[in-house]
Amino acid sequence: MSENNKSVKNFVQGVFNAEDNSAAKLQEEQKIKYSRLAIKMFHTGVLSPKEMFLPAIGEFATKLLKGVDVYRTLYFVNVLKIDMVYVTVILSLISIYDMLNNPLMGAIYDKTRTRWGKARPYIIFGSIPYFASTFLLYSGALFLGNTAGDDPKKIIFVFTMLFIQETFSTIYNIPRGNLLSLQTANPQDRINVGLLQTYIGEVASQGVYTLFGPLMELNNKGYINLPMSYVFAGLATLSCSIGAIGNIAMAIGCQERIALQPKPAPITKTMFYVLKNKYALRNFIANFAVSWWSNGGYSWDVVTQQEIFGGSIPSAIAYLPYNALDMPSAALIPKFRKIFKDNNKNALITLRLWDIVVGLAMVVFGIPLIKITPNGKKPWPVIGIYALFYGLNGLNNGPANVFESEVGREINDYTEYVTGERPDGTVNILTDLISKVTSPINAAFTIFLFKWSGYDPTIPMTPWSQGNVDVYKKVFFLFVGIHNFPSIIRVIPYFFYDLVGEKREKMYVALNERRALLAKEQTVNENILEMMENLEENVEVK
């Protein structure tokens with residue numbers, strides 16, 4: 001082999017193959033001492049009831065705020081009355097800042113090693129300013145007044161609050177999203193927590209949706225005089241108060257038990273670790289391919305409920321099957337695990353294809369039924385179609401979310417398996433930076449779709465107030481149909497996902513063997529040693 005060919009081969013191996021200090025490269029003599037303990041770590045749950053419940057409370061708080069965030073653009077345009085063009089520009093600038101902010105926080109997070117853990121300090125001290133800035137953002141209409149849509153005070157206020165919110169969102173959310181992976185290596189533990197988070201989180205988000213729609217309708221029809229500025233401020237007060245308390249309680253009450261590399265690799269290396277993780281690389285390519293896609297950036301769900309369905313009562317009927325099946329669907333998780341024999345890949349693909357088919361059915365059968373009806377009659381046919389297919393979506397919602405979360409954690413664990421590092425913060429830097437290339441296209445597409453719809457947001461939301469059936473057909477498509485193309489692309493990589501069965505278990509056993517070595521050979525936190533000692537009581541270590 002020529003020197004050039006050797007150089008190319010060494011480069012390719014260096015970029016794509018496992019690192020020398022990874023679990024994948026552990027020598028048999030290094031790990032045999034802890035082999036049975038490693039198997040025990042994979043199969044034994046270690047989370048206490050409190051540690052399962054507190055993340056669910058944190059998720060409840062987070063989903064409350066996400067429920068409010070669904071109406072963020074509506075708040076900017078209809079309540080603060082900022083022109084949609086300015087809103088799009090502001091969000092684009094924040095997206096650019098996010099591109100710079102995420103790598104910095106990711107690098108800091110990955111290098112963090114404290115006696116309290118890796119993620120917990122950031123959750124405790126980052127959640128307060130995050131929720132405080134969010135509260136101020138949604139309370140701004142109370143003191144900014146009803147000025148022009150291009151008022152510099154409004155624009156500067158929204159930009160400043162979003163800037164602060166985005167800063168602390170990164171500081172708080174990267175650690176929060178990885179806390180469960182640092183608590184336990186047991187898949188059943190993680191699925192149980194995901195089950196509770198799904199149940200309780202859906203209660204929170206559905207509570208916001210149930211409250212918001214009727215309040216808006218009663219205001220629009222003049223039955224009550226409760227300005228939407230007070231509605232947003234009230235919801236923000238509730239969600240941000242519970243958010244700060246719930247997430248701090250989660251961080252204080254949950255232990256980190258996973259032993260990490262004492263001295264992490266430099267950022268210049270870890271940012272390219274996505275190339276070593278074939279599963280993450282495939283997902284990145286799929287996400288990058290659709291990163292420019294948008295639904296027009298407006299609350300089309302609210303428009304559909306208030307103007308096409310005809311208000312809160314018919315909307316409640318349209319959502320009734322989904323709301324009735326959403327939370328109980330989590331009870332199907334054990335059944336799906338049994339059907340697919342713990343093959344998370346097959347379960348996830350089946351459930352996501354289910355969602356795609358349901359979404360396409362709503363478009364194909366729903367849009368032709370949208371008609372402006374005389375004499376104030378309600379469009380019950382389209383309501384019936386939506387209720388049927390959205391109910392089918394709710395039937396698989398709990399299992400789909402849990403399996404997708406667990407597959408995501410497995411992919412992150414695979415990075416640790418082939419690199420010896422857990423760069424949860426910096427491994428996505430490269431993917432984030434490249435995906436931001438499409439941000440200008442996304443912004444332009446958002447403006448195009450908003451204009452394409454022909455929808456006029458200055459007209460009060462009452463049934464058929466736009467007076468144009470073509471506008472409402474486009475609105476319904478932007479609500480239920482436009483997300484199907486990205487969904488189809490994003491599910492493709494999972495057809496090539498082979499981290500299942502024996503291969504998956506061998507990965508976790510090797511990871512746990514390496515973690516046991518690290519824990520015994522390095523100075524680690526007492527929680528890790530306590531867990532290992534408890535497990536060693538029931539296993540004879542060779």
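This is a predicted model: local features need pLDDT of at least 70, side-chain atom pairs count only at pLDDT 80 or more; totals for chains, interfaces and linings use all residues.
**Helix packing**

The two pairs are set out below by residue range, axis separation and crossing angle.

| Helix pair | Axis separation | Angle |
|---|---|---|
| α6 (residues 84-111) and α21 (residues 439-453) | 10 Å | about 160° |
| α3 (residues 35-43) and α24 (residues 501-521) | within 8 Å | roughly 120° |

Helices α6 and α21 pack with their axes at an angle of about 160°. Because angles over 145 degrees count as roughly antiparallel, α6 is roughly antiparallel to α21. The crossing of α6 and α21 is right-handed. On the α6 side, the contact involves Met84, Thr88, Ser92 and Ser95, which meet Ser439, Ala443, Thr446, Ile447 and Phe450 of α21. By class, this contact of α6 with α21 comprises four nonpolar and five polar residues, with no charged ones.

Helices α3 and α24 cross at roughly 120°, and this crossing is likewise right-handed. From α3, the residues Ser35, Leu37, Ala38, Ile39, Met41, Phe42 and His43 take part, and they meet Glu505, Tyr508, Val509, Asn512, Glu513 and Ala516 in α24. The contact of α3 with α24 divides into eight nonpolar, three polar and two charged residues.

**Cysteines**

With a disulfide taken as a pair of cysteine sulfur atoms within 2.5 Å, the model has zero disulfides. Two cysteines can be described by their accessibility. Cys240 has a relative accessible area of 6% and is therefore buried, since buried means under 20%. Cys254 is also buried, at 0% relative accessibility.

How values were computed. Residues are numbered from 1 along each chain as its sequence is written. Side-chain values use heavy atoms; hydrogens and water are left out. Buried means under 20% relative accessible area, exposed over 50%, partly exposed in between (1.4 Å probe, protein chains only). Axes are lines fitted to C-alpha atoms, for helices over the stretch in contact, and angles run from 0 to 180 degrees between N-to-C directions. Helices (H or I, at least four residues) and strands (E, at least two) are DSSP runs, numbered from the N terminus. Angles under 35 degrees count as roughly parallel, over 145 as roughly antiparallel, 65 to 115 as roughly perpendicular and the rest as oblique. A crossing is left-handed if the near helix is turned anticlockwise from the far one by less than a right angle, and right-handed if clockwise. Contact means heavy atoms within 4.5 Å. Ala, Val, Leu, Ile, Met, Phe, Trp, Tyr, Cys and Pro count as nonpolar, Asp, Glu, Lys and Arg as charged, and the others, Gly among them, as polar.
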